[in-house]
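Here is a short briefing on a predicted model. Keep the structure open while reading.

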Amino acid sequence: MAKTPPPVRAIAEPPITNRERPAEPKPYEPSKDELLEMYRQMLLIRRFEEKAGQLYGLGLIGGFCHLYIGQEAVAVGLQSALDGETDSVITGYRDHGHMLAYGIDPKVIMAELTGRGSGISKGKGGSMHMFSTEHKFYGGHGIVGAQVSLGTGLAFKHKYSNDGGICMAYFGDGAANQGQVYESFNMAELWKLPIIFVIENNQYAMGTSVNRASAEDQLYRRGESFRIPGIQVDGMDVLACRGAAEEAIAWVRAGKGPVILEMKTYRYRGHSMSDPAKYRTRDEVQAVRDKSDPIDHVKKLLDAQGVTEADLKTLEQDIRKIVNEAADFAEQTPEPDAADLYTDVLVESY
Amino acid sequence: MAIEIKMPALSPTMEEGTLAKWLVKEGDSVKSGDILAEIETDKATMEFEAIDEGTIGSISVAEGTDNVKVGTVIATILEDGESASDAKPTEARAGDAANAAPKETPSDDKAPPVPEGASPAKAESGTQQLVASAEKVGKADPAIPEGTEMVKTTVREALRDAMAEEMREDDRVFVMGEEVAQYQGAYKVTQGLLEEFGERRVIDTPITEYGFAGIGAGAAMGGLRPIVEFMTFNFALQAIDHIINSAAKTNYMSGGQMRCPIVFRGPNGAASRVGAQHSHNFAAWYASVPGLIVIAPYDAADAKGLLKAAIRTEDPVVFLENELMYGRSFDVPKLDDHVLPIGKARIMREGKDVTIVSYSIGVGISLEAAETLAAEGIDAEVIDLRTLRPLDTETVLKSLAKTNRMIVVEENWATCSIASEIVSVVMEHGFDDLDAPVLRVANEDVPMPYAANLEKLMLVNAAKVVEAAKKVTYKN
């Protein structure tokens, strides 16, 4: 007679113990001047990108050109919470908006887009490859997801050097499916690195919508199996973005390891200038523009604070002037010297 | 008949070891799974288990004996009914190289007959030939001051010393990779570093090459000096995106604004009997990319001097080591700071009849071939490229102008190889100096096979070099 197997005992412990999480973020409460500055930065990005689109159409900008229109609140809201002296930022190829939000001169950005010698990368980088180590902006990377590992390396540097800085690494919903992102999550949490992983979920990885590409489309949950807390944020609301950044930064600076911020946002233009965007309807885009535009949203708040239409008009004119000057500069400044073809390949001579 | 217990090979490259400790004594009864002894290889101390049952008849190699060749009988086990007199070891003695090879006498009479010549008593692989040649020493490096005291050092130790010296000098330098810290290095290259520098600077990573190569590159962009160890360069394929797209191109793409001073290092090329996925030489892949420095040293002095230079340079470096070389000893100058220039080849042997250009382990077989050729009246010059990017074409072309004949020896496939590049350089810049076509002496154009005989057929060897040298000197 066969022996009766011992009874299978249920394990009493719950599968996941309760872990500390960052507090639920609250919308940031700005002063009137802060709000006005956020508005100014978002409008600068919008007008700059519109101009870039125009120059592309004129053939002055070549190759790929990924515009940030619609996503302005993310870069502006998050960047405004960082310490420009110590903190580092890295992103993918949709990088113009981030650079403008960092206060980098629009002229050298636009001149890089037109491939000129006075561009920020001497015309050798282009739209996707721009850097400003002075501003601790580390690019500008063209390989989807690479900036996540590189950003984790920047965070490693902050911890190694004990310099008090943190890294903010931006990537899209498309990059969120790359393998190296999870390798980086694992090491970032394992080593408690000071990094905020910002997923700019603009709903489309080129032409593929999030739910067509992602088994878990709530991307803020993507860190759960690495014990990285995630927060989902209205990326069309600059104050929500700033509020989330405050919580995330407090967590990370306290040495508690990384945080994921999923910023729900939307890009109005195609993936790049050459994308006809046939994967979504015109109505869908228009609905977002009408209901959720990040700039209109702040405009209403400013109105409530007593900023007049005339004040905003003046601001708008100032911005158009800055953008036009950047475009003129980018058109007129010469291309790189032919001799520069051979410079900067290596730092040293051998 | 007593069962002979032989010194085991405990790694693909182990040829001898130290019998550190016996855990049994004569007369003890043992069964399979019992630990008989502790054996030290050049990489680790390993436990040696019994697989037979019986009584320990005799112990023929005392504990503490060094350099016990693999295959030496170290003890016997008596089966039931056998007496100690049956246990006298009849053949091999400890350290007797001639008897080191295990004799594979079939115990079963029904074993199929073996065709003559098809199955050697001891499997001799191609990598064993490479290793044997890799004992060859080049002429003194003129970069080392005359009269400098020399210390015999393995390539493994030289690499470790280079890292340790640079880490002592510069806090920005750190090492990361799989098993580099607590395990002391998969191939023991980082041995002792954790102890000296602590876990802040010697960092074990998960098995995630893509991720940690990116983290290293990012840390370098942020201002640190990472040394990223790949357990082998075969696994660096997982990470090649960061080596190429992140590390190599950043300085250029940023108009010189953002640097990536990082060293990617680890063993590259054929190891011993590890098959196709672990035996690939990636030198030409990396050497084709502007923005990278690619270094592949041969001996220990170069390994040390060039690794130190690699750690110091502002540019990203791919530093290709060779597992078969790790255990080889060479003279290393006893200098406070032995740093060699990147981009300078070394003339390992002077000659006037034919130039043999090589790098890494290929230098050993080139030197061996040169000795054979000398005996036949052909005076070969041997050049070790040392740096593969930038290539020291000047030294190569100068030698060609002297000898008018050249062959390139490479433990790699010939197609799109470093050898192909040297041939192109010579066609473009040394055509008038050529008295014969330049020949590439390389591996066979197949993936690395596992079987010892096929591995041997696949790999480049000194005989092939001799044959090619005779061909270009029209002496065959």
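Strand 1 of chain B pairs with strand 8 of chain B, residues 73–78, in the antiparallel sense. Four bridges join the two strands. Within this pairing, B:Ile5 stands opposite B:Ala75 of strand 8.

**Sheet in chain B**
- The sheet in chain B is open and has four strands.
- Its strand order is 1-8-6-3, and the pairing is antiparallel.
- Strand 1 (3–6) and strand 3 (29–30) of chain B stand at the edges.
- Each of these edge strands has a single partner strand, so one side of each is left without a neighbour in the sheet.

**Helix 1 of chain A**
- Helix 1 of chain A covers residues 32–57, which is 26 residues.
- From first C-alpha to last, helix 1 of chain A reaches 37 Å.
- That is close to the 38 Å expected at 1.5 Å a residue.

**Contact between chains A and B**
- Chain A gives 34 residues to the contact, and chain B gives 39 residues.
- On the side of chain A that touches chain B, the elements giving two or more residues are strand 2 (137–140), helix 5 (146–161) and helix 6 (179–190) of chain A.
- Helix 5 of chain A supplies the largest share of that side, with ten residues.
- By residue class, the side of chain A that touches chain B has 13 nonpolar, 15 polar and six charged residues.

Note on methods:
Residues numbered from 1 in each chain as written. Chains lettered and ligands numbered in written order. Predicted model: local features only at pLDDT ≥ 70, side-chain atom pairs only at ≥ 80, totals over all residues. Pairing = 2+ DSSP bridges. Expected span 1.5 Å × (residues − 1). Contact = placed C-beta atoms within 7 Å. Nonpolar A, V, L, I, M, F, W, Y, C, P; charged D, E, K, R; others polar.
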